[in-house]
Structure formats: structure tokens, C-alpha cells
Amino acid sequence: WVVVRAPSAIMPYIVPKGFIAVDGTSLTVCDVDYSANTFSFMLIGYTQQHVVIPQKTVGQGVNLEADVIGKYVERSLAGLTERVRALEEKLEAQSS
């Protein structure tokens, strides 16, 4: 398994069994450790022979792109979150 430390800003979009692009290669996430800001993936033999990831050294930076579905979900929920917050404030004001 390969373990990658990721910026905290991208971690909410990384989920086990989800997809992430590492240096342009789309991979399946095996495990996520949110407290350490890390995730892991495996490389099968064919992939190891056809991508640049195995040529990287420990500590060398990579480009990460989270699966777009998480971004769509976040955008969709953003409107709902605002509506729920407004309703909660309205209920709280009525009960005071």
C-alpha cells in the first residue's frame, strides 16, 4: 500500500472506496486516517508499470484531485444547510 499525507482542505472529499487522482492517475482509496490527514491506495502490477507514481520518492510531492462527486454533494447541501440554519434561528426566536 502507498500512504499519502494530504492537505486538510482536501481530506473531507477523500473516502474509503472513493476515487482520487494522484498525479493524473485515478485510483481507489483503500483507507483514510482523518486525524493524520492520510489516505492509502494500492497499485497493481500493470498500473505500477504504466504510471509515474512508483518513480516518486518518500516525501516527494504529488498532485491530488478529489472525486468530483463529493464537490457536487457539498454544493447541493450548501443551500440546504443555509435553509436549515435560517429555520433553526426562526424557531429559537419564537421560543424565546
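Y72 sits in helix 2; helices here are DSSP runs of H or I with at least four residues, strands are E runs of at least two, and both are numbered from the N terminus.

## How to read the model

This is a predicted model, where local features need pLDDT of at least 70 and side-chain atom pairs count only at pLDDT 80 or more, while totals for chains, interfaces and linings use all residues. Residues are numbered from 1 along each chain as its sequence is written, and side-chain values use heavy atoms, leaving out hydrogens and water.

## Two salt bridges

Side chains of opposite charge can pair when their charged atoms come close. The structure has 2 salt bridges, each being a side-chain nitrogen of Lys or Arg within 4 Å of a carboxyl oxygen of Asp or Glu.

One joins D23 to K56, with the closest N and O atoms 3.1 Å apart. D23 is in the loop between strand 2 (19–22) and strand 3 (25–28), and K56 is in the loop between helix 1 (45–50) and strand 6, so this pair ties together parts 33 residues apart in sequence. D23 is partly exposed at 24% (buried means under 20% relative accessible area, exposed over 50%, partly exposed in between, using a 1.4 Å probe and protein chains only). K56 is partly exposed too, at 28%.

The other pairs E82 with R85, at 2.9 Å between the closest N and O atoms. These two are 3 residues apart in helix 2, which puts about one helical turn between them. E82 is partly exposed at 46%, and so is R85 at 38%.

## V3 and S40

V3 belongs to strand 1 (residues 2–5) and is exposed, with 58% relative accessibility. S40, in strand 5 (residues 38–41), is buried at 6%.

Contact means heavy atoms within 4.5 Å. Leaving aside neighbours within four places in sequence, V3 is in contact with T38, F39 and S40. With residues up to four places away not counted, S40 touches W1, V2, V3, T28, V29, C30 and D31.
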